[in-house]
Amino acid sequence: MVQRADGDVLGDGVNVASRIEPLAGPGGICISVDVERQIRNAIETSLVKLGPTELKNIQLPMELYRVLLPWEKEGVSSVERGALERGGRRVPALAAAALMLLALAGLAGFMVNRHREKSGAGEFAANKVAPSGALEKTRIILLPLQSRGKEEADVGFAGGMTEALRGKLSRISGLHVFDGTMLTNVQNEPPDLARQCRNLNAGSVLRGSVQQIGAQLRVHLELLNSQTAEVLWPYEETREFKDSFAVQSDVAQGVASAVKVRLLPAEKQQLGRKPTENLEAYKLYLQGRYLWNRRTASSLTNAISYFNQAIGKDPSYALAYAGLADCYVLLPFYANVPERELMPKARAAAVKALDLDDS
C-alpha cells in the first residue's frame, strides 16, 4: 500500500479491505488470510475460517476468517448476550457514523473504491449445496430487492428500500445481516450464492421485489433456507404507501420469528418508530440512499441533493442528515474535492442527526 501526502492510503490492501468489510455484519470483524497469519499468535480471540470467498473486482477468491466475538461463544446466557450486544456490538447506527467520522483521519483510505454496482439477485439450487453441517439461520444474506417497474425512479426506490430494510433488520440483536450487493465476482456475474452462504455460515437468504404504484406499495419477499432452498417465510402484501414503515417493521419481525429470534422490548419499540411523517421526504431519502450506494462522483453529488431536499420537506428527519454525512465522507474518494473541505460538513451533519435522534 502507498500513503499519500494528505494521509490517504491506496493500494490492493485497501481494495480488499473495502470488499471484506460489508461481509462482517453489523459490529462484526472479518479479516483476510494475510492478516490472520500476522495476528494468530498475538490475540486470544478465536477465528473461524470462512473459506474461499468471491469478492467484487478481486480476481481470485480470497481466504477469509471471522473473529468469534464474546457474545457468539457457547455458554453466554441470553441476558449476558443482550448486555454484550448493547454494550459492544450493537452501537446505534448514527452514533457509529459519528464515531467513524472521528476515525477517518487515519482510516479514510479503507473507503476507497468501495463500489456497489447493482448485481443480480442470483439463483441457487439445492443440488449445488453439499452441506457439511447446519448453517446458522440467524445469519442472513439480504439480496438487492428487484424493481418491478422499468423506470430509473423505480430502480432507485427498490435500492432505497433494500437499504431501509437492511437497517431495520440490523437493529435486531439476534440477527446477523450481510450485504448481498457485495457478493459478485470480477466479471460482475451473479455469485455462487450457495458457496457464499457456506463461507459466511449464513443459513438464510432474503430476496424479493418491491414496487410503488401510485399510492400503493407492492412487496413480495421470500426468506429461504440457504442449504435446501426451502421457503422459510413468504411475504406478499399490497398496502398503502403511507404504510411503508409498518411494512418494514412487519418484515423485520416476520424474519426474526421465522428464524426463532425473540425481540427485546426495546427492539420492538424501535422497529415501530416512524423516522418521518412526511412521505415526500421519505421518497427523497430512499432515492438518496440508492444513489449513495452506487458510489460514483455524480451519484454521491445527486444523493446530497436528494438528502437536502428531504431535509427541506422535514427539517427534523435525522436519517436524511445521516445520509448527508455518509455522502460527505465518501465524496473525496470519488471526486476531486479535498477531504478537509468536506469533513467538517460530514461531522456537522452526523452531530445534527444525533441531536435529532440519538438511536
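Colleague: Hi! What should I know about the numbers first?
Modeller: The model is predicted, so local features need pLDDT of at least 70 and side-chain atom pairs count only at pLDDT 80 or more, while totals for chains, interfaces and linings use all residues. Residues are numbered from 1 along each chain as its sequence is written, and side-chain values use heavy atoms, with hydrogens and water left out.

Colleague: Thanks! How many aromatic pairs are there in the whole structure?
Modeller: The search finds six. Rings of Phe, Tyr and Trp (its six-membered ring) pair if their centres lie within 6.5 Å; planes under 30 degrees apart are stacked, over 60 edge-to-face, and the rest tilted.

Colleague: How do Trp233 and Tyr235 pair?
Modeller: They are stacked, because their ring centres are 5.4 Å apart and their planes are at 25°. Both Trp233 and Tyr235 are buried (buried means under 20% relative accessible area, exposed over 50%, partly exposed in between, with a 1.4 Å probe and protein chains only).

Colleague: And what about Phe241 and Tyr282?
Modeller: That pair is tilted, at 6.3 Å centre to centre and 45° between the planes. Phe241 is in the loop between strand 11 (231–240) and helix 7 (244–258), and Tyr282 is in helix 9 (residues 279–292), so the pair ties together parts 41 residues apart in sequence. Helices (H or I, at least four residues) and strands (E, at least two) are DSSP runs, numbered from the N terminus.

Colleague: Nice. Which residues join them in a cluster?
Modeller: Ring pairs link Phe241 and Tyr282 with Phe157 and Phe245.

Colleague: Switching topic: how many residues does the largest nonpolar core have?
Modeller: It has 64, and Leu175, Leu206 and Val255 have the most contacts inside it. Helix 11 (residues 318–330) gives the largest share, nine residues. A nonpolar core is a set of buried Ala, Val, Leu, Ile, Met, Phe, Trp, Tyr and Cys residues joined through side-chain atoms within 4.5 Å.

Colleague: What does helix 11 pack at an angle to?
Modeller: Helix 12 (residues 339–356), at about 160° with the axes 8 Å apart. That makes helix 11 roughly antiparallel to helix 12. Axes are lines fitted to C-alpha atoms, for helices over the stretch in contact, and angles run from 0 to 180 degrees between N-to-C directions. Angles under 35 degrees count as roughly parallel, over 145 as roughly antiparallel, 65 to 115 as roughly perpendicular and the rest as oblique.
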